[in-house]
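Reader: Please take a close look at one part of this model, the interface between the two chains. What holds there, and how far can the prediction be read?

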There are 2 protein chains.
Amino acid sequence: MRRKRDAQAEAETRKDAPLRSDAQRNRERILEVALAELTRSADAPLSAIAKKAGVGQGTFYRNFPNREALVLEVYRYEVQQVADTAAQLLATRAPDRALREWMDRLAQYAMAKAGLADAMRRATCSRGSLAGLGHAPLTSAITLLLAANEEAGTVRPGVTPDDFLLAIAGLWQIDPHSDWQARAARLLDLVMDGLRAGARQR
Amino acid sequence: MRRKRDAQAEAETRKDAPLRSDAQRNRERILEVALAELTRSADAPLSAIAKKAGVGQGTFYRNFPNREALVLEVYRYEVQQVADTAAQLLATRAPDRALREWMDRLAQYAMAKAGLADAMRRATCSRGSLAGLGHAPLTSAITLLLAANEEAGTVRPGVTPDDFLLAIAGLWQIDPHSDWQARAARLLDLVMDGLRAGARQR
DNA sequence: TTGCTAAGCGGACAGGTGTCCGCTAGGTTC
DNA sequence: GAACCTAGCGGACACCTGTCCGCTTAGCAA
């Protein structure tokens, strides 16, 4: 086996392990069930998801150490899409309008997918900063938008994705019921103004 | 008894019930123990606190329906003090400097008292908006600061305490370990700039 | 005092999260 | 195919939160 491993690919020795076939199947079944259950009720018991997926608690928690890991993974595809929107928006609009519209979409998405905001919040804060796991796409989208705006002189220089995520943290606190639209708009307006302050262009 | 109640005070019929003596004692013992335990470890089990206080689960949860209710109450005195600072700062500084310094103190306090930021976060977000329970003092402090600044023309008109709390929500996400100072400062600078934008004075 | 009454007590219990560990079976080698 | 060996399984378990409900007792009236 040692020889086989060596031959195959040194790179995969540590991460992205090849995963045994049954493990792969289990993981996918869990995600499948989780999408259904979480859509139905954002705080569906993890144990119920495990049971419906036909796996033990141990298996479940080995794949997803906690709730937000699961949620982030379940919605990964969708999050990826939101992130991708950044580039499209930048191509068709002025940088500052693109940034603002992207934030609106992010808000809309976070409100739509119950439980996602929660996961985002936890992931954003808990460990250090944005060291989050499924954050990479979001972070790069933000970097893209900020860079474009900085260059256009519509956002003060030196704003990091971390700054940005902290600034919009209020989003994850808004209750998806009630009139989140108004509250989110006011928050995002304020953040935009904050970002603009100190920019070359005024 | 009915007659006695009527005679005593109609106002207290609903809220601020007079509380039976043993109830009073229990509540105080719980708070006492909670302060000690929470200082030691922010996520001390509530059940342990109840036990150390010598009360049953039921008694405990009747007094404090959940963790943040307890934390908010434990730190109420301290929170009150922070809130009070607002007036003092306004008396000795320009409104905008007072606002900024107050935010700094709030941040410092939130970072110092482990577990408080958590409670603030939950209280801020979960139910509706700032409908929070122990928020009243903070809210009025914020109102005070915003009004002074609006009048001085150093903050755009029409900002509500709710807006403000959402804007600084990032604070509660910062990890009290690591270098919170830098991250908080950057966030608060950004928020201040956002608040300033659109003000009369520039 | 004595008796009454409901406010308050407190422990058992239901339900959820996350961990641990002995066993199973997938993949590989011969 | 047989044998091995370990990645992965899965359920029992430990611990926590929050609820429920029969019992206790503080406070009042006579």
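Author: Across the interface of chain A and chain B, the rule finds six salt bridges, each a side-chain nitrogen of Lys or Arg within 4 Å of a carboxyl oxygen of Asp or Glu. One salt bridge joins A:Arg183 to B:Asp162, with the closest N and O atoms 2.7 Å apart. The elements giving two or more residues to the side of chain A that touches chain B are α8 (116-125), α10 (161-167) and α11 (180-196) of chain A, helices being DSSP runs of H or I with at least four residues, numbered from the N terminus. The largest share, eight residues, comes from α11(A). By type, that side of chain A divides into twelve nonpolar, eight polar and ten charged residues, where Gly counts as polar and Asp, Glu, Lys and Arg as charged.

In contact (heavy atoms within 4.5 Å) are 30 residues of chain A and 30 residues of chain B. The two chains bury about 2500 Å² between them, 52% of it on carbon and sulfur atoms; this is accessible area (1.4 Å probe) lost on being put together, summed over both. A:Leu166, A:Gln173 and A:Leu190 supply 27% of the area that chain A buries against chain B, more than any other three residues.

The model is predicted: local features need pLDDT of at least 70 and side-chain atom pairs pLDDT 80 or more, while totals for chains, interfaces and linings use all residues. Side-chain values use heavy atoms, without hydrogens and water, residues are numbered from 1 along each chain as its sequence is written, and chains are lettered from A in the order written. Chain A has a mean pLDDT (the predictor's confidence in each residue, from 0 to 100) of 85, and 85% of its residues reach 70 or more.
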